[in-house]
Amino acid sequence: MISDTSPPRSRHDLLITGGRAVTPEGVREVDIAVDGGKVTALLERGHRATAAHVRDVTGCHVLPGLIDSHVHFRTPGLTHKEDWPHGSRAAAAGGVTTVIDMPNTQPPLLDPAKVSERAELVAGRSLVDFRFHLGTSPETLDRLKALTPQDATSVKIFMAGHHTAPNVLRSPSDLRRAFEFAAGQSVLLVLHAEADAVFALLDAAGAPPAQYRDYERARPRSGGIVAVTQVIELVQRYGTHAHILHVSSAEEVQLLIAARRSGLPISFELTGHHLSFTAADSARQGARLRLSPSIRSAEDQEALWAALLSGEAGTLGSDHAPHTVEEKTRGVAQAPPGIPGVQELATAVFTGMRRRQPEAPADRHLVLLAEHLARRPAELFGLAHRKGSIVPGLDADLVVFDADRPWMVTAADLHTKAGWSAYEGWTMAGRVLATVRRGEVIWDQAEGRFGSPVGVLLNPDCP
Ligand SMILES: [Zn+2]
């Protein structure tokens, strides 16, 4: 069956030939035709189409461009940690073609009227397309009333704070206001769901962490469990759509899956680092693996993997949150939480999948990756009219991935401004060989070459 509607011998801008395309119908042996930045045809082998540029990717898979809906590119105000030129190169090298940036910058993005100004800061600096989560605070909740889908379709709420997250909704009445508002406007709430009150109680009763292994004791699972329970109650009451970020414990997974099965509009994110590391790694790596929420036990990690492999987790996100080496090596209590990860996310998760299920076909794991890192985030964040699947008519955002190309991560491979990775020394099971954004090759691994920084602000109305 030939799904090409164009005349035979038609000449396309770009043909990606010989690959195994990960499409909504499964993995297909088709060539992909690209014109004007869009996928225009999926061609069965033996077609007669030609193109101005042909890229033979025989032996590789072609994934839809990945959407990392959780990055902190630190602009403005914290650009000594990360900026858009570095962050978007790291994204492209990791197969990510769209990012959604978090609002806890300096100043933070708390006002819908400031979104276009923020986009101006990024214009001409990003290799990848982008969007913003709007932030909020007790003082600025009222400003959300002016929010339109053009500004943002999601609002980030921190229920607990940390070094780079000072704007926190602590009080039950503020949280109720936010949930009621979001339900009325069909806005998605994305939540850092840890209970500030739990941590305040523990801080008042005990000394701050003195050793790296004390992170988990100072910010235990009870904080996440209490906050997730609060969120589920608020979703029950208001019908608000909520997406819980960086879920870390088995209990949270259990509660959230139960809430989903009961029909509540609630979903959750798993991060590369909670899937890749355990408390034993934190004890060994120290400040590198200081994270918020904390890295937890091997049993918790297995619960996260079970949710991912069964398809019951919503999305994967990197929570790419770089800090400099100097910041990370401050005293144990002062070292800020967060690690880079947008470049490592897809390959680290794929590597974990291969290690856990070496007998399963790579096709199955790449379908799961495309589901969690492309199709679902596109739908959740209002981008599915352009992004998230390899389908004629959508943007030609594509990743050439060699599922059988082991390689070792070294500092020389990294593109984040922070210059370090918790994955250094890891042997990855597969590799991103090329990334295409709207028809342009923005990362060519063999040549070590990037494309042009013409990423655009995505708009839910804009075709
Ligand atoms: Zn984050």
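**How the terms apply to this predicted model**

The largest nonpolar core has 128 residues, and Ile-32, Val-62, Leu-189, Leu-191 and Ile-244 have the most contacts inside it. This is a predicted model: local features need pLDDT of at least 70 and side-chain atom pairs count only at pLDDT 80 or more, while totals for chains, interfaces and linings use all residues. Residues are numbered from 1 along each chain as its sequence is written.

Q: What makes a set of residues a nonpolar core?
A: A nonpolar core is a set of buried Ala, Val, Leu, Ile, Met, Phe, Trp, Tyr and Cys residues joined through C-beta atoms within 7 Å. The largest share of this one, nine residues, comes from helix H13 (residues 362-380); helices (H or I, at least four residues) and strands (E, at least two) are DSSP runs, numbered from the N terminus.

Q: Why is this core said to lie where it does, relative to domain 1 and domain 2?
A: Domain 1 (11-62 + 394-450) and domain 2 (66-380) both give residues to this core, so it lies between them. The domain bounds come from an automatic or database domain assignment.

Q: Why is His-274 called buried?
A: A residue is buried if 20 or more other C-beta atoms lie within 10 Å of its own, exposed if 12 or fewer, and partly exposed in between, with C-beta atoms placed from the backbone. His-274 has 23 such atoms within 10 Å, so it is buried. You can find His-274 in helix H8 (residues 272-276).

Q: Which residues is His-274 in contact with, leaving aside its neighbours within four places in sequence?
A: They are His-246, Ser-248, Ile-295, Gln-301 and Leu-304. Two residues are in contact if their C-beta atoms, placed from the backbone, lie within 7 Å.

Q: How many residues of domain 1 and domain 2 are in contact?
A: Here 28 residues of domain 1 are in contact with 40 residues of domain 2. On the domain 1 side, strand E20 (431-437) is one of the elements giving two or more residues, and E20 has the largest share, four residues.
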